[in-house]
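Biologist: I have the model open beside the sequence. Could we go through it together?
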Amino acid sequence: MIVSEQPGTGGCVSVPSIRSVGTAVSGQGYSQDALLDYFGVSDPRAMGVFRASGIQRRFLTLPGLDADGRPAEEGSGALRDKHRRVALDMGSRAVRTCLERAEIGSEEVGFLCCVTTTGLLTPPLSALLVREMGLPTTVQRLDIVGMGCHAAMNALSTARSWCVANPGAVAVVLCAEVCSAAYVFDSTMRTAVVNSLFGDGAAAVALVCQPPGGAPQQRGGGGLVPYLLSSASRVITSAVDAMRYDWDDQQGRLSFFLDPQIPYVIGAHVEEVVDDLLGGAGLRRSSVRHWLVHGGGKKVVDAVRVNLRLSRDEVRHTMGVLRDYGNLSSGSVLFSYERLVEEGAARAGDYGVIMAMGPGSAIETALVRWEEA
């Protein structure tokens with residue numbers, strides 16, 4: 001257990017830790033070439049975007065083909081229904097896996113934070129999950145909608161604060177993104193860029209904050225866990241519209257826009273936010289052994305890697321998730337964390353940086369340290 005000084009409290013507080021992770025995908029796995037055929041992409045430039053993405057496979061819930069061999073039309077209502085159905089299915093499976101791995105009963109969940117950017121639900125996903133999974137009806141809930149690919153970091157920060165205020169209680173963060181419920185099919189380069197990147201997926205983590213001075217609480221799994229020490233953020237206001245939803249009147253739905261300059265914008269600002277994060281703990285970049293970066297796309301990851309002077313091996317989890325699942329929006333960085341856990345490379349005393357980027361434009365980071373559970 002890590003204990004830190006808490007200014008103004010006259011004492012110490014324990015630091016929350018991530019106790020487990022669970023992930024899920026839905027739909028069918030598609031290669032990039034299969035998706036080129038499905039979307040009917042013939043423009044050489046668009047085909048080049050698909051094939052240079054660093055992605056080999058993505059899971060998507062796509063409609064069948066119509067009589068003309070084109071993707072069947074899905075209206076706004078059908079897309080909304082798909083988002084609700086798939087997010088609830090993937091989300092409940094990811095949460096169940098997460099809780100089972102930590103040997104935590106669903107009745108123990110005291111806080112549930114659900115993240116999504118690929119659809120708007122009312123009642124929200126958190127309420128639907130309470131009914132679907134039989135979670136306590138007294139659970140405190142928060143739904144984060146529309147923050148984009150970095151929203152897992154914002155959710156972790158909120159859950160961290162809740163855990164500090166409720167030592168010994170369990171918080172769950174769920175990111176459920178049904179990117180195939182936010183697709184537009186046309187022949188423009190704008191949609192080709194978006195359609196070449198995103199996949200459907202959900203990821204959940206459980207957090208617990210052990211009371212300082214209390215008896216050790218075994219929450220399953222044993223071994224090493226990462227303690228969430230601190231966070232740092234940066235909103236790049238000069239690029240606030242670089243990632244956004246626009247309303248497409250012709251298609252009658254929202255259409256996502258990615259500015260091609262985004263990798264360079266992120267690369268130009270990533271050093272300052274990471275140095276803020278590490279400087280607050282008296283650390284240097286060389287102190288960090290594990291880097292978990294949002295897989296926003298090959299160019300984005302390369303920009304982060306080059307500007308932070310990281311090796312390709314240091315972003316292997318990020319690139320592996322991008323290769324096997326595509327950009328999963330807010331869930332991507334938690335899929336990378338799961339791969340690090342499965343690899344078993346962390347050692348007691350190791351520091352790690354978790355980082356995600358998204359609309360705002362914004363970079364969100366967290367500093368973690370692995371210690372014995």
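Biologist: What share of the contacts with a separation of 6 or more comes from residues 24 or more positions apart?
Modeller: In this predicted model, such residues account for 76% of those contacts.

Biologist: And the secondary structure: how many helices and strands are there?
Modeller: The protein has 10 helices and 15 strands.

Biologist: What radius of gyration does the protein have?
Modeller: The value is 20 Å, which agrees with a compact globule, because a globule of 373 residues would be near 21 Å. Along the principal axes, the C-alpha atoms fill a box of roughly 70 × 45 × 35 Å.

Biologist: Turning to the interior, what percentage of the residues is buried?
Modeller: Buried residues make up 56% of the 373.

Biologist: Which residues touch the most other members of the largest nonpolar core?
Modeller: Those are F198 and M355, in a core of 48 residues. Several elements supply at least two residues each, including α1 (32–39), β12 (253–258) and β15 (362–372). The most comes from α7, which gives eight residues.

Biologist: Which residues does F198 touch, leaving out those up to four places away in sequence?
Modeller: F198 touches R58, L60, C149, C179, Y183, F256, L258 and N327.

Biologist: Now the surface: how much of it belongs to carbon and sulfur atoms?
Modeller: Those atoms hold 50% of an accessible surface of about 15,200 Å².

Methods: Residues are numbered from 1 along each chain as its sequence is written. This is a predicted model: local features need pLDDT of at least 70, side-chain atom pairs count only at pLDDT 80 or more; totals for chains, interfaces and linings use all residues. Side-chain values use heavy atoms; hydrogens and water are left out. Helices (H or I, at least four residues) and strands (E, at least two) are DSSP runs, numbered from the N terminus. The radius of gyration is taken over C-alpha atoms; the globule rule is 2.2 Å times the number of residues to the power 0.38. Buried means under 20% relative accessible area, exposed over 50%, partly exposed in between (1.4 Å probe, protein chains only). Contact means heavy atoms within 4.5 Å. Accessible areas come from the Shrake-Rupley method with a 1.4 Å probe; for residues, only the protein chains shown count as cover. A nonpolar core is a set of buried Ala, Val, Leu, Ile, Met, Phe, Trp, Tyr and Cys residues joined through side-chain atoms within 4.5 Å.
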